[in-house]
Amino acid sequence: MKRIFAVLLVLCMALCIVACTDKFDPAAKSEGVMTYAEYNAAEMDAEVVIEAYVQATQSWWDNKITVYLQDPDGAYFAYELACAEEDAAKLTKGTKIKVTGHKGQWEGEIEIMDGTFEIMEGTWVATPTDVTSLLGTDDLIKHQNKLVCFKGMTIASITYKNDEPGDDIYVNLTKGGNTYSFCVERYLTGPDTDVYKAFADLKAGDVVDIEGFLYWYQGANPHITAVSKVN
Amino acid sequence: MKKMKSIILCLLATLLCLLTLVACHGSRGLDAFAMPESFDTSRQYEISFWAKNDTNQTQVAIYKKAVADFEALYPNIKVNLQLYTDYGRIYNDVITNIGTGTTPNVCISYPDHIATYLTGANIVVPLDDLMAHEAYGLGGSKVKFDSPSKEEMIPKFLQEGVIDGQQYALPFMRSTEICYVNKTYVEKLGFTLPKTLTWDFIWQVSDAATAKDENGNYLVNGQNVLIPFLYKSTDNMMIQMLKQKGAGYSTDEGEILLFNETAQQLLYDIADHTQLGSFATFKIVGYPANFLNAGQCIFAIDSSAGATWMGSDAPLVDIPEENMVEFETAVMTLPQFDPDHPQMISQGPSVCIFNKQDPQEVLASWLFTQFLLTNEVQIAYSQTEGYVPVTSKAQKSEEYIDYLSREGEDNELYYDVKLKATKLLLENTDNTFVTPVFNGSASLRNAAGQMIEETTKAVRRKQTVDKLFFDRLYTNMISLYRLDRLGEQTNTGKADLGELPSTAVFLLSALVIAWILVGSYAVWQWVKKKKQEK
């Protein structure tokens, strides 16, 4: 009897270990949900259903929230998802959500319009992809909406939208003799954030590393989330 | 018996206190503004001005200069400028700040929005008495600058700020909608622009422009992107179409007439042309100016206040230089159903003043508001876009007449597209109209535009647009914009704030219990004393 009990106990423990080591796959999708490739291939205006992880949100407003989403295969920009104010607080970094909406393109930015969402089990946070070498190439757009980084960029100009701190900051950065437009988006990283404040101490000629989301407006126009000066 | 009487008295007193507290809920507010006898210049005032610009740095500079010039005249008034680029954000922030009693002093607003602000008691200051005041009113004897008289305000524009018979807003600038046309492409398609654009003409040309070559590129521009007809503000589109058709939108009293047969027929027409690829909206694809300048749009309808972004030589551009296309820009009035009787909307920023405890602070706000009507501010700001000044004093000034005469001298201050847009409004001021303003008119306006947006999106998403679709659409619009609840909040001064929040109930209950305990203790002490006396 004791032996049988011991064997059962060992079996039970073994099963527990197997269960515990069942690896979480952040790329896994529920039934009926598109993979990133399927989303990417979907026609404009088609209904899309995706699952991805919140990387950041813009400020909630008027029962809507704009969300930067990513999974291990690609990134999504969900523009003005229907969202009650109490639900906005649940959209923390890494939270997995399922979004149903329509694929659209606004000024070159591929986005999910008129979307609704539900929160799912699981968390995952993206690490920035270095796309510095892709600047000015046709391959850059393949990383649209992803969390990306750019190394060794030189500041050409810093302009506040209303000529003074408070609203968006337009930042022109150069690399290899070409100039690229970046933006500190007020509704993503407002005047109270570190990245917004950091630009007060930066000036044309400074060399910086940039991190942000690869937003598109008539061409690449990354939304900067972090900046550090290169010595 | 005496003991009983005391207890009843205590309870009654408690009840009275409670009633007093409860009565306060929902009616707390400021006293109506009363004009002080004179402006007290011995005191310092700090007022806030929430202003809107069109993402235009020159406008920002003009606001700043206006503030500096005003402060130089009135060193005891400091004006804190807060800038916005979106009316909707101003509206939302004001609503939030009404709740906390921290509204700005002076604010750029739409009259529709002001009608909603008026649901609170004495929130917005009526301007009639201020305007007419002999010393501090328009052109008043004690005003330290050359302010326009009431007679020098353009009556039609002034009337737009009247709500429920009172002047609650002053016009600051006026604009209208303009159709910016790629004339080169219209002629390439074999058409000639008429003197006055009609909807039929626009649809005809737009449909013709959708022809493609064997590679899928549009014949007219050789590109794979073309939205022949692109509209910025679809709320204006619906409102103007209904007005031109003589169909209902709303009554002056706030009765909703939007969901009518004519509106539905217009939406069917829009759906048909969307199906052909002839039409889209700003909300769906982007700015009309960007598509126009890239040769990807033929008819771009936007405000005259967006004129500096329109055309091959536009001074403000938002697309890469290599995407700009050379074409001739025709600046035309909005398309009409009856070209002999053109009708177009009058729009543009207005200014309102929020009430404060201190009437002197309100008077300081009024003086600043009036300063915004001086020629210096009016002419400078109107020149930044296709705006027109709201005073005849500015419109008839030598400086302004000279400005208008120099159309096309350069592509900056005298940019021809901007000046043509301005002149179209000046010539058509009598053909402009505004929609009735009432509490909820802002929601109705949103619903009018959203109906076009939803219809356009439905077609693009291959949904069926039929009677069932419109039945659902109307129901959704009524629900989304609470159009069935308009009038529940009136501007009688007392807003229905609903049930007391639980924290307030708890606090009031605690107060009642405290009073009962205090009363009981007093009674007990009194009885005890009486017993000892015996």
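Helix 18 of chain B and helix 19 of chain B are oblique to each other, a class that holds the angles left over once those under 35 degrees are counted as roughly parallel, over 145 as roughly antiparallel and 65 to 115 as roughly perpendicular. The model is predicted: local features need pLDDT of at least 70, side-chain atom pairs count only at pLDDT 80 or more, and totals for chains, interfaces and linings use all residues. Residues are numbered from 1 along each chain as its sequence is written, while chains are lettered from A and ligands numbered from 1 in the order in which they are written.

**The helix pair of chain B**

Helix 18 (residues 441-460) of chain B packs against helix 19 of chain B at an angle of about 140°, and their axes are 11 Å apart. Helices (H or I, at least four residues) and strands (E, at least two) are DSSP runs, numbered from the N terminus. Axes are lines fitted to C-alpha atoms, for helices over the stretch in contact, and angles run from 0 to 180 degrees between N-to-C directions. On the side of helix 18 of chain B, the contact is made by B:A447, B:Q450, B:M451, B:E454 and B:A458, and on the side of helix 19 of chain B by B:F469, B:L473 and B:M477; residues are in contact if their C-beta atoms, placed from the backbone, lie within 7 Å.

Helix 19 (residues 467-480) of chain B has 14 residues and spans 20 Å from its first C-alpha to its last, close to the 20 Å expected at 1.5 Å a residue. That expected span is 1.5 Å times one less than the number of residues. Just after helix 19 of chain B, B:R482 adopts a positive phi of about 50°.

**Strand pairing**

Two strands pair if DSSP finds at least two bridges between them.

| Strands | Bridges | Direction |
|---|---|---|
| 7 and 10 (residues 207-213) of chain A | Six | antiparallel |
| 7 and 8 (residues 169-175) of chain A | Six | antiparallel |

In strand 7 of chain A, A:V148 is the bridge partner of A:T129. A:C149 has A:E211 of strand 10 of chain A as its bridge partner, and A:Y160 stands opposite A:I169 in strand 8 of chain A.

In chain B, an open sheet of five strands has the order 9-8-10-7-11, with mixed pairing. Strand 9 (279-281) and strand 11 (329-333) of chain B stand at the edges, each with a single partner strand, so one side of each lacks a neighbour in the sheet. The twist averages 25° from one strand to the next. Helix 17 (residues 416-427) of chain B packs on this sheet and touches strand 7 and strand 11 of chain B, its direction making about 15° with that of strand 11 of chain B.

Technical notes:
Contact = placed C-beta atoms within 7 Å.
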